[in-house]
Amino acid sequence: MTSGFGARLVVAISPDDVGRRVTVRRRDPDGFRDAVGVLESWREGVLRVRKRDGTLVEIAETSVVAAKVVPERPPGR
């Protein structure tokens, strides 16, 4: 028996998700990178994700390979 494992990459966000917490995986010259945070805007082919440390990540829509809405972070202790 041959076991195979495959992953399906899906982009399950849209401009309607602005204001929600998302995770976005994108192609990078060195491989892939992930950004998790609040989708602040999606205009003219650029997504802007505000990470929890306050940095703003600008992501070209053409580099996105997977994305989804994720639950809010639980409150700190």
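Serine 41 touches Val18, Val46, Leu47 and Arg48 when residues up to four places away in sequence are not counted, a contact being defined by heavy atoms within 4.5 Å. The residue is found in strand S2. Serine 41 counts as buried because its relative accessibility is 6%; buried denotes under 20% relative accessible area, exposed over 50% and partly exposed the range in between, with a 1.4 Å probe and protein chains only.

The model is predicted, with local features requiring pLDDT of at least 70 and side-chain atom pairs counted only at pLDDT 80 or more, whereas totals for chains, interfaces and linings use all residues. Residues are numbered from 1 along each chain as its sequence is written, and side-chain values use heavy atoms, with hydrogens and water left out.

The protein chain contains five strands and zero helices, in the order β-β-β-β-β from the N terminus. These elements are DSSP runs numbered from the N terminus, with helices (H or I) of at least four residues and strands (E) of at least two. The C-alpha trace spans about 50 × 40 × 25 Å along its principal axes. Of the 77 residues in the chain, 29% count as buried. Among contacts with a separation of 6 or more, 44% come from residues 24 or more positions apart.

The largest nonpolar core has twelve residues: Ile13, Val22, Val24, Ala35, Leu39, Trp42, Leu47, Val49, Val57, Ile59, Val64 and Ala67. At least two residues of this core are supplied by each of the strands S1 (21–28), S2 (31–43), S3 (46–50), S4 (56–60) and S5 (64–69). S2 gives the most, with three residues. Such a core is a set of buried Ala, Val, Leu, Ile, Met, Phe, Trp, Tyr and Cys residues joined through side-chain atoms within 4.5 Å. In soluble globular proteins, nonpolar side chains tend to be buried together. Alanine 35, one of the core residues, is in contact with Val22, Thr23, Val24, Arg26, Val57 and Ile59, its neighbours within four places in sequence being left aside.

An unreviewed UniProt entry lists residues 17–68 as "domain: Histone acetyltransferase Rv0428c-like SH3"; such annotations may be inferred rather than shown by experiment. This span is 69% strand and 0% helix, and its end C-alpha atoms lie 9 Å apart.

The accessible surface of the protein chain comes to about 5900 Å², with 49% belonging to carbon and sulfur atoms, as computed by the Shrake-Rupley method with a 1.4 Å probe. The mean positions of the 15 positive and 11 negative charges are 7 Å apart. Lys and Arg count as positive and Asp and Glu as negative, without His and the chain ends; the charges are placed at NZ of Lys, CZ of Arg, CG of Asp or CD of Glu.
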